[in-house]
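Grab a pencil and have a look at the model below.

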Amino acid sequence: AGQIFSLCAFNTNAAAAYLKLYNKASAPTVGTDTPVQVYTIPGATTGGGFVLPIPVCGITFGTGIALATTTGAADSDTGAVAASEVVVSYSYK
């Protein structure tokens, strides 16, 4: 369990990718588990992305913080992002 206070995600593919956050204590089953938040990571071959500070209390996850990236926005999407194409970092407590 914990709280996320910032997210940074960058993508070197021309197409957008999607960062999905799950309230789980284990790795998510992408396409089956339902994410609690989904963020679009803009695509750009020169590097696209976002930096998101989350004020004061952060995003709370009562069970655990798990994440995945996919090529589609739908909760059921299982499209795999290529290796080294997306980089995600976050601060948590």
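## Exercise 1: a threonine in a strand

Thr 70 is found in strand S6 (residues 65-70); strands here are DSSP runs (E, at least two residues), numbered from the N terminus. Before we go on, some ground rules: this is a predicted model, where local features need pLDDT of at least 70 and side-chain atom pairs count only at pLDDT 80 or more, while totals for chains, interfaces and linings use all residues. Residues are numbered from 1 along each chain as its sequence is written, and side-chain values use heavy atoms, with hydrogens and water left out.

Task: work out whether Thr 70 is buried or exposed, and which side chain it joins in a polar contact.

Solution. 
- Step one: buried means under 20% relative accessible area, exposed over 50%, and partly exposed in between (1.4 Å probe, protein chains only). Thr 70 comes in at 1%, so it counts as buried.
- Step two: a polar contact is a pair of N or O atoms within 3.5 Å; within protein, one must be able to donate a hydrogen and the other to accept it, and residues adjacent in sequence count only if both atoms are side-chain atoms. The side chains of Thr 70 and Lys 20 make such a contact, at 3.2 Å.
- Step three: look at the neighbours, where contact means heavy atoms within 4.5 Å. Leaving aside residues up to four places away in sequence, Thr 70 touches several, including Tyr 18, Val 30 and Asp 77.

## Exercise 2: an asparagine

Task: find which backbone oxygen lies 2.9 Å from a polar atom of the Asn 11 side chain.

Solution. 
- Step one: locate Asn 11 in strand S1 (residues 2-11).
- Step two: check its cover; with a relative accessible area of 0%, Asn 11 is buried.
- Step three: the oxygen belongs to Ala 15.

## Exercise 3: ring pairs

Task: how many aromatic pairs does the structure hold?

Solution. 
- Step one: rings of Phe, Tyr and Trp (its six-membered ring) pair if their centres lie within 6.5 Å; planes under 30 degrees apart count as stacked, over 60 as edge-to-face and the rest as tilted. The structure holds 2 such pairs.
- Step two: Tyr 39 and Phe 50 are 5.9 Å centre to centre with 40° between the planes, a tilted pair. This pair links distant parts of the chain, with Tyr 39 in strand S3 (residues 37-41) and Phe 50 in strand S4, 11 residues apart.
- Step three: Tyr 39 is buried at 16%, and Phe 50 is buried at 15%.

Conventions. Helix = DSSP H or I, 4+ residues; strand = E, 2+ residues; numbered from the N terminus.
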